[in-house]
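Me: I have a structure to look at, and I want to know what lies behind the words used for it. Please take the terms one by one.

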Amino acid sequence: MAQPPRIYIVPTDYWYIERAVWLIAGIVLLTSTTLAWLVDPRFIVFVTMTGLTSIWVALTGLCPLGNVLHLFGLRGRLADPDRPGGYVMRHDSWYLERRIYPTVGVNITIGSILSLVWSPWWLAFTAFVGVAMVWFAFTGFCILANVLYWIGAEPRLTDNHMRWRGRSTTNTAALGARRPS
């Protein structure tokens with residue numbers, strides 16, 4: 001029996017809604033964190049809004065940015081097929097990619113509050129999360145996603161994109177949407 005892959009990497013061979021959302025959210029986090037550090041601490045409100053929106057998406061499946069990207073022609077790999085009008089992320093179970101949203105949301109919201117009431121050095125944490133999200137969008141590798149994968153969360157964005165020691169494997173248990181043709 002083949003050994004399961006040890007590193008979880010999402011597909012990066014084309015752009016889809018979730019990947020674009022990670023990129024845009026990462027850019028918003030980096031920009032607003034930089035502005036909060038260099039210009040005015042009140043810019044941290046954009047980090048907080050990003051965090052609260054991330055929690056909202058995880059709980060309801062409704063993603064405002066995802067719907068805008070849908071209007072521009074991107075398709076969601078985690079889109080709910082029962083809601084075809086716009087983009088609504090599946091929220092039928094707590095799969096790995098869905099768990100990323102509330103984890104990131106809670107962490108950056110707490111980090112932004114702590115940067116205001118405790119120390120501006122907490123901005124380093126929100127900047128780290130922003131860098132990690134941009135990195136995730138471009139490379140498909142995310143530290144948080146791998147931690148969730150290692151503790152047993154089931155991914156949906158696999159489809160031959162799991163890698164272990166340089167060898168590609170297929171995860172037949174993945175429930176992810178098929179690549180658009």
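Predicted model: local features only at pLDDT ≥ 70, side-chain atom pairs only at ≥ 80, totals over all residues.

Me: What makes up the secondary structure of the protein chain?
Reply: The chain has six helices and two strands. Read from the N terminus, the order is α-α-α-α-α-α-β-β. Of the 181 residues of the chain, 44% count as buried. Among contacts with a separation of 6 or more, 69% join residues 24 or more positions apart.

Me: Why is Gly66 called buried?
Reply: Buried means under 20% relative accessible area. Gly66 has a relative accessible area of 0%, so it is buried. Gly66 belongs to helix H3. Leaving aside neighbours within four places in sequence, Gly66 is in contact with Ile17, Val21 and Tyr87. Gly66 and Ala20 are 46 residues apart in sequence, with 8.4 Å between their C-alpha atoms.

Me: Why is Thr109 called buried?
Reply: The limit is under 20%. Thr109 has a relative accessible area of 10%, and therefore counts as buried. Thr109 is part of helix H4. Apart from neighbours within four places in sequence, Thr109 is in contact with Thr48, Gly51 and Leu52.

Me: What makes Arg83 partly exposed?
Reply: Buried requires under 20% and exposed requires over 50%, with partly exposed in between. Arg83 has 39% relative accessibility, so it counts as partly exposed. Arg83 sits in the loop between H3 and H4. With neighbours within four places in sequence left aside, the contacts of Arg83 are Leu62, Val88 and His91.

Me: Which residues make the contact of H1 with H3?
Reply: H1 contributes Ile17, Ala20, Val21 and Ile24, while H3 contributes Leu65, Gly66, Leu69 and His70. Gly is counted among the polar residues.

Me: How do you know that H4 and H6 are oblique to each other?
Reply: Helix H4 (residues 96-117) and helix H6 (residues 143-150) pack at an angle of about 125°, and their axes are 10 Å apart. Roughly perpendicular ends at 115 degrees, and roughly antiparallel needs over 145. An angle of about 125° lies between those limits, so H4 and H6 are oblique. Their crossing is right-handed.

Me: Which residues of H4 meet H6?
Reply: On the H4 side these are Leu96, Arg99, Ile100, Thr103 and Val104, and they meet Leu144, Ala145, Leu148 and Tyr149 in H6. The residues of the contact of H4 with H6 divide into seven nonpolar, one polar and one charged.

Me: Why is H4 called roughly antiparallel to H5?
Reply: The axes of H4 and H5 cross at roughly 150° and come within 8 Å. Angles over 145 degrees count as roughly antiparallel. Roughly 150° is over that limit, so H4 is roughly antiparallel to H5. The crossing of H4 and H5 is left-handed.

Me: Which residues make the contact of H4 with H5?
Reply: Ile100, Val104, Asn107, Ile108, Gly111, Ser112 and Ser115 come from H4. Leu123, Phe125, Thr126, Val129, Met133 and Phe136 come from H5. This contact of H4 with H5 has eight nonpolar, five polar and no charged residues.

Me: What is in the largest nonpolar core?
Reply: The largest nonpolar core has 39 residues, and Trp22 and Leu96 have the most contacts inside it. Helices H1 (17-38), H2 (44-60), H4, H5 (123-139) and H6 each give two or more residues to this core. H1 gives the most, with eight residues. In soluble globular proteins, nonpolar side chains tend to be buried together.

Me: What is Trp22 in contact with, leaving aside its neighbours within four places in sequence?
Reply: Trp22 is in contact with Val10, Tyr16, Tyr101, Met133, Val134, Phe136, Ala137 and Leu157.

Technical notes
Residues numbered from 1 in each chain as written. Heavy atoms only, no water. Axes fitted to C-alpha atoms, helices over the stretch in contact; angles between N-to-C directions. Helix = DSSP H or I, 4+ residues; strand = E, 2+ residues; numbered from the N terminus. Parallel < 35°, antiparallel > 145°, perpendicular 65-115°, else oblique. Left-handed = near helix turned anticlockwise from the far one by under 90°. Contact = heavy atoms within 4.5 Å. Core = buried A, V, L, I, M, F, W, Y, C linked by side-chain atoms within 4.5 Å. Buried < 20%, exposed > 50% of the residue type's maximum accessible area, 1.4 Å probe, protein only.
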